[in-house]
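Me: I've got a model open and want to talk through its packing and its pockets. Can you take a look with me?

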Amino acid sequence: FFQAEDGIRDYKVTGVQTCALPISAPFWIFVLLRSTTDAAAEWLKMSALEKAEVSLVGPFFALSPVILLFIGPLVSGDDLSLLGVVGVILTVIGSIGLLPIRRPDASFETSKRQESVQGIIMAIGASGFFAFNTLFDRLAVQRAPSIISAAAMTAAADRKSTRLNSS
């Protein structure tokens with residue numbers, strides 16, 4: 001048997017494809033990258049929620065489409081569409097509209113304010129990693145069937161989370 005571009009061939013018997021799906025090395029690289037960025041995104045998300053109120057950091061989790069708008073064309077070569085840009089602008093407007101309006105008062109201590117800023121920075125970082133997740137999903141599914149991609153991504157994410165929980 002040897003690995004061919006269109007699967008595994010039993011060249012001694014029939015010379016035709018006998019089993020397996022063609023899965024390239026770049027596919028597995030994207031699975032690994034996706035599981036790594038997923039672990040980072042979830043860690044940053046949980047850290048942001050630990051530092052600040054969900055009403056404050058929640059809208060920043062919705063910024064991944066904005067980040068994807070800029071990195072997508074650079075990494076995957078996808079074209080920007082007017083509809084996509086308008087959608088991202090509406091997402092940003094909606095996220096800003098969800099931010100709580102607060103008047104500074106003496107009860108909002110400096111340490112709490114610093115934790116809130118840290119939470120916002122972590123939420124933006126999580127959005128960046130979630131944007132890369134989407135990008136790696138797209139690149140992987142271009143190289144293998146969607147069911148194989150989904151199974152590989154789930155298995156890799158499960159393996160990463162098991163390692164993180166055990167340490």
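This is a predicted model: local features need pLDDT of at least 70, side-chain atom pairs count only at pLDDT 80 or more; totals for chains, interfaces and linings use all residues.

Me: How does the span of helix α1 sit against the expected 1.5 Å a residue?
Reply: Helix α1 covers residues 25–51, which is 27 residues. At 1.5 Å a residue, the expected value is 39 Å. From first C-alpha to last, α1 is close to that, reaching 39 Å.

Me: Which element gives the most to the largest nonpolar core?
Reply: That core has 17 residues, and Ala48, Val57, Phe60, Phe61, Ile120, Ala123 and Ala126 touch the most other members. At least two residues each come from α1, α2, α3 and α5. With five residues, the top contributor is α5.

Me: What is Ala126 in contact with, leaving aside neighbours within four places in sequence?
Reply: Ala126 is among the core residues that touch the most other members. Buried residues of α1 include Ala41 and Leu44, and both are in contact with Ala126.

Me: Which helix gives the most to the lining of the second largest pocket?
Reply: This pocket holds about 230 Å³ of space and is lined by 15 residues, with Leu68, Leu69, Gly72, Asp78 and Asp79 nearest its centre. Helices α3 (64–76), α4 (82–98) and α5 (110–141) each supply at least two lining residues. With six residues, the one giving the most is α3.

Me: How many residues in that lining are charged?
Reply: By class, the lining of the second largest pocket has seven nonpolar and five polar residues. The charged ones number three.

Methods. Residues are numbered from 1 along each chain as its sequence is written. Side-chain values use heavy atoms; hydrogens and water are left out. On a 1 Å grid over the protein atoms alone, a cavity is a set of points where a 1.4 Å probe fits but cannot get out, and a pocket is an open set with protein on both sides within 12 Å along at least five of seven lines; lining residues have an atom within 4 Å of a point. Grid points are joined across faces, edges and corners, and a volume is the space filled by probe spheres set on the points. Helices (H or I, at least four residues) and strands (E, at least two) are DSSP runs, numbered from the N terminus. Ala, Val, Leu, Ile, Met, Phe, Trp, Tyr, Cys and Pro count as nonpolar, Asp, Glu, Lys and Arg as charged, and the others, Gly among them, as polar. The expected span of a helix is 1.5 Å times one less than its number of residues. Buried means under 20% relative accessible area, exposed over 50%, partly exposed in between (1.4 Å probe, protein chains only). A nonpolar core is a set of buried Ala, Val, Leu, Ile, Met, Phe, Trp, Tyr and Cys residues joined through side-chain atoms within 4.5 Å. Contact means heavy atoms within 4.5 Å.
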